[in-house]
Amino acid sequence: MVEWTEFERATIQDIFSKMDYESVGHNALARCLVVYPWTQRYFGNFGNLYNAAAIMGNPLVAAHGTVVLHGLDKAVKNMDNIKATYAELSVLHSEKLHVDPDNFRLLADCLTIVVAARLGSGFTPDVQAAFQKFLAVVISALTKQYH
Amino acid sequence: MSLTVQDMAVVKGLWAKIASKADDIGAEALGRMLTVYPQTKTYFSHWSDLSPGSAPVKKHGKTIMGAVSDAVSKIDDLPAALSQLSELHASKLRVDPANFKILAHNIIVVVAMLFPADFTPEVHMSLDKFLQNLAWCLAERYR
């Protein structure tokens, strides 16, 4: 079982309660597709992803970024049981979407960077540690059902 | 994933904007690495204080960023630029190369925090590639 300190719990709740899901989700996913272009393999039906501008302006990318970020809500609301919470989504990503789990880490890194840019000095080293720990637990849960 | 002419131009362009804060970026990135990835502290057991903002962290962050800045100025030939440092890291320091990725991530986080408008996805990609190439050259002499 994952142990969370009071600081970690408060930090995660705080970050997500103030988050602009549409903007952060869009920017994190778009950034991932630009910085790690091989991740585009999962979005063959998203239309124009030819360059950074196209990716940033693509409405399907924006919409999907929001979906992904709201998917994190489950973990925010169930921090003591993230593994069970994501069992179904893990099966989905493995069996249906066939996403290489290393890609979860790439997206998580992009999300960290977008949140860091938004919070500026508020993204202290301890806040960064809490946020990255949270994402690592989510990634572990999403990878759990792969076989 | 070699650096294109475009990548080199983008990294140099970014450096022109951030060079004045290089010392701070180095100190901040190193402090974050030690906090967020505690296993990296194993390389600094000889320091009195490993907390962010401490004297040894500031000093060493400055040293590291100085070397990164130097590499930017010699971006056309990174292997030659990093040959001596690679020798040092291989024979004396023996830092596991996985840690170069970790430090690179933290440098990127700090640049994003301090220069959010400049750190577009394209700039992010080129910097990521540059740091990856830098790490590769640094590990060149390991075996």
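In helix H2 of chain B, the buried residues (buried meaning under 20% relative accessible area, with a 1.4 Å probe and protein chains only) are Ala22(B), Ile25(B), Gly26(B), Ala27(B), Ala29(B), Leu30(B), Gly31(B), Arg32(B), Met33(B), Leu34(B) and Val36(B). The model is predicted, with local features requiring pLDDT of at least 70 and side-chain atom pairs counting only at pLDDT 80 or more, while totals for chains, interfaces and linings use all residues. Residues are numbered from 1 along each chain as its sequence is written, chains are lettered from A in the order in which they are written, and side-chain values use heavy atoms, with hydrogens and water left out.

Helices here are DSSP runs (H or I, at least four residues) numbered from the N terminus. H2(B) is mostly covered, with 11 of its 15 residues buried, and the elements that cover these buried residues include helix H9 (125–143) of chain A, together with helix H1 (5–18), helix H3 (55–73) and H6 of chain B. From its first C-alpha to its last, H2(B) reaches 21 Å, close to the 21 Å expected at 1.5 Å a residue, the expected span being 1.5 Å times one less than the number of residues.

The axes of H2(B) and H6(B), which are lines fitted to C-alpha atoms over the stretch in contact, come within 8 Å and cross at roughly 125°. The two helices are therefore oblique to each other, a class that takes the angles left over once those under 35, over 145 and from 65 to 115 degrees are set aside. Across this pair, contacts (heavy atoms within 4.5 Å) join Ile25(B), Glu28(B), Ala29(B), Leu30(B), Arg32(B) and Met33(B) to residues of H6(B), including Ile102(B), Leu103(B), Asn106(B) and Ile107(B).

In chain A, helix H2 (residues 21–35) packs against H8(A) at an angle of about 130°, with the axes 8 Å apart, and this pair is therefore oblique as well. The residues of H2(A) that meet H8(A) include Val24(A), Ala28(A) and Cys32(A). The 18 residues of H8(A) should span 26 Å at 1.5 Å a residue, which agrees with end C-alpha atoms 26 Å apart; H8(A) is followed by Gly120(A), whose phi is positive, near 55°.

Key:
Axes fitted to C-alpha atoms, helices over the stretch in contact; angles between N-to-C directions. Buried < 20%, exposed > 50% of the residue type's maximum accessible area, 1.4 Å probe, protein only.
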